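Work through the exercises below with the sequence and the structure in view. Each task is followed by its solution.

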Amino acid sequence: MTTVPAAVHRPSSAPHARPRPTVPPAGPGWYSSVMGTGILATLLGRETGRLPFLIVPAVALLVVGVGLLVGLTSAFMVRIARDRSALTSTITDASVVTAWGTVSMGVLSIGSAVLTVVPQLGTPEATHWAVPVDVVLWTAGTALGVVTAFGFGAVLIRRDVGHPIPAWGLPIVPPMVSATTGAALVPHVAAPLGHLALLAVTIACFWLSLFLGGLVFALAYHHHWTVGTLPIPASASAWIPLGVVGQSMAAAQSIAAQTRSVLTPAMADAGQTLADVYGFVMLVVAVPVVAWALAMTIRGFRARMPFSPAWWALTFPLGTLALGTRMLGQATGIGAVSIVGAVSIVGLACTWTLCATATLRAVWEHRRAVPAA
């Protein structure tokens, strides 16, 4: 008769062990945290004129955002140096390649935060170096964003990547972020030709992202509303379409403001009116987008969706809505629209705190679990 070791029976009387936390290594998927941190710093920096005390959290968030950008990039480069497949796998795997859009937007959001927050410190030296830093980050982020947009479009045409999902929008939104942040750089370009060229690039980025984003998100919504619901672990990705809605509102306002230097007063006023009308249309579109995203998020938390870097999708899209509505409210003088922006900023601060706390907890538990394993 074979004797069964006592150790085999021991787990039946032992308490249930907690599942080992899984935290992905440094890579494109983590740059959503850079995006959320950068846009919150930018929004708080924009509000320091009315609420001067916000400069403190704005600077703190900028420091955190820069640290995340440098830290994640350095750690990812170390991974690539040790194993080249760490890079190739993020490019060849269709389920991972979309995350490269977050790298572009992370770089762009930190550049925007630098240009917005640093001049608020009131030192000429800080303002002097804020512009070239943003130029470098905007150039790098825009180049990468255009590559991700066209590259992922080519992937969709040439390969079967499964059913459409909101995450497909991640490589598509970066050009819209470039349109907004690029327009903010236009006044800092002294040469008239360079001024006009940068403005043309921002307009091209706007239409590129709007066209591709409209197609991708229409397919994703059609699938999840008529064919198959969004998986629980991907619940937070329901907020991604809001990114192009809110960011396009901000981009339209930024571009309209900068075209005044190259258009006649009558044409500039017409452009501003067009930007305002577009903003109100997008504000109406945002209502069902937010409603569905909120419903999916509540469903996900009730089903105890596991933590992943995808949780950070709860931050940046909401930040774009806050930015777009604040700019629209300032341009039109309608207080209700500005209030929507203020509420969105508060909501962003809450979701950022949630994601940051969950990330720190997951990393801490992961580090404790590895030696035990």
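**Exercise 1.** State what volume the largest pocket has and which residues lie closest to its centre.

Solution. The model is predicted, with local features needing pLDDT of at least 70 and side-chain atom pairs pLDDT 80 or more, while totals for linings use all residues. Step one: the largest pocket holds about 1,000 Å³ of space. A pocket is an open set of points on a 1 Å grid where a 1.4 Å probe fits, with protein on both sides within 12 Å along at least five of seven lines; lining residues have an atom within 4 Å of a point. Step two: 44 residues line this pocket, and G29, S95, A99, L170 and A310 are the closest to its centre. Step three: by class, the lining has 29 nonpolar residues, 14 polar and one charged. Here Asp, Glu, Lys and Arg count as charged, Ala, Val, Leu, Ile, Met, Phe, Trp, Tyr, Cys and Pro as nonpolar, and the others, Gly among them, as polar.

**Exercise 2.** Find which residues join α3 and α4 in contact.

Solution. Contact means heavy atoms within 4.5 Å. On the α3 side are F76, R79 and I80, which meet A86, L87 and T90 of α4. These comprise four nonpolar, one polar and one charged residues. Residues are numbered from 1 along each chain as its sequence is written, and side-chain values use heavy atoms, without hydrogens and water.

How values were computed:
Helices (H or I, at least four residues) and strands (E, at least two) are DSSP runs, numbered from the N terminus. Grid points are joined across faces, edges and corners, and a volume is the space filled by probe spheres set on the points.
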